Amino acid sequence: MEMSNQELAKYIDHTLLVANATADDIRKVCAEAKQFNTASVCVNSYWIPLVAAELKDSDVNPISVVGFPFGAGNTEGTVAEAEQAIKDGAEEIDMVINVGALRDKQDDVVKADIQAITDKVHEYNKLLKVIIETVYLTDEEKVRACQLSVEAGADFVKTSTGFAGGGATLADVKLMRETVGDKTGVKASGGIHTREEALQMIEAGATRLGMSATVNVLTED
């Protein structure tokens with residue numbers, strides 16, 4: 001697959017989600033995103049006001065994660081976090097699925113959780129991605145997680161937080177794409193460090209890439 005750096009950049013959510021990030025770190029990531037014109041900058045919700053201010057004169061969108069990284073908070077709290085992030089300037093929300101409930105086969109609980117957040121995000125005409133945290137799931141559970149996300153109206157399914165000891169794999173991206181079909185986005189996130197890996201994920205079906213190695217990937221010789 002051939003793709004220019006400019007084309008590849010628009011697949012990338014340039015990401016900084018570590019707990020010890022400082023305001024200067026966040027500003028640096030925003031500057032990099034503007035330099036390369038990535039799709040977005042993805043941060044924890046606390047940082048959205050700063051990111052929205054830094055990106056306001058650009059085509060780069062602020063994205064907030066919510067319920068991150070465990071997905072084990074109560075639904076009402078996650079809905080409130082998503083709404084506040086949108087009010088602070090987030091254009092997209094990346095939520096974490098309730099992994100324990102999924103593994104317990106409490107599909108109604110999982111779907112209701114996604115549905116509540118989807119409804120709130122769509123109320124503001126923003127996009128929702130659902131992180132299914134593939135490293136914890138069997139293939140059957142990955143399929144169910146994707147199906148429940150689609151049924152609840154999510155705009156994307158996403159592989160990973162990057163905080164669970166594993167990230168995106170080509171096999172998972174292919175499985176997720178096969179499960180959700182053509183109308184739902186697939187975001188590959190976690191462990192993408194090279195241009196070749198990024199292009200392979202796109203070829204496997206990813207329509208967005210979550211990456212912290214953006215600068216290295218877009219400046220490879």
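Lys187 stands opposite Arg208, a residue of strand E8. The model in which this pairing is seen is a predicted one, and E7 and E8 pair in the parallel sense over 3 bridges.

**The barrel**

- A barrel is closed by 8 strands, which follow one another in the order E1-E2-E3-E4-E5-E6-E7-E8 with parallel pairing.
- Within this sheet, neighbouring strands are turned against each other by 25° on average, with direction ignored.
- Helix H4, made of residues 75-87, packs on the sheet and touches both strand E3 (61-66) and strand E4 (92-96), while the direction of the helix makes about 165° with that of E3.

**The largest pocket**

- The volume of the largest pocket comes to about 290 Å³.
- Its lining is formed by 19 residues, of which Thr15, Thr161, Gly162, Phe163 and Ser212 are the closest to the centre of the pocket.
- Strand E7 (185-189) and strand E8 (208-211) are the elements that give two or more residues to this lining.
- By residue type, the lining of the largest pocket divides into 8 nonpolar, 9 polar and 2 charged residues.

**Lys142**

- Lys142 is found in helix H7, which covers residues 139-151.
- Because its relative accessible area is 8%, and buried means under 20%, Lys142 counts as buried.
- When neighbours within four places in sequence are left aside, Lys142 is in contact with Ile132, Thr134, Leu137, Asp172 and Leu175.

Notes:
Residues are numbered from 1 along each chain as its sequence is written. This is a predicted model: local features need pLDDT of at least 70, side-chain atom pairs count only at pLDDT 80 or more; totals for chains, interfaces and linings use all residues. Side-chain values use heavy atoms; hydrogens and water are left out. Helices (H or I, at least four residues) and strands (E, at least two) are DSSP runs, numbered from the N terminus. Buried means under 20% relative accessible area, exposed over 50%, partly exposed in between (1.4 Å probe, protein chains only). Contact means heavy atoms within 4.5 Å. On a 1 Å grid over the protein atoms alone, a cavity is a set of points where a 1.4 Å probe fits but cannot get out, and a pocket is an open set with protein on both sides within 12 Å along at least five of seven lines; lining residues have an atom within 4 Å of a point. Grid points are joined across faces, edges and corners, and a volume is the space filled by probe spheres set on the points. Ala, Val, Leu, Ile, Met, Phe, Trp, Tyr, Cys and Pro count as nonpolar, Asp, Glu, Lys and Arg as charged, and the others, Gly among them, as polar. Two strands pair if DSSP finds at least two bridges between them. Axes are lines fitted to C-alpha atoms, for helices over the stretch in contact, and angles run from 0 to 180 degrees between N-to-C directions.
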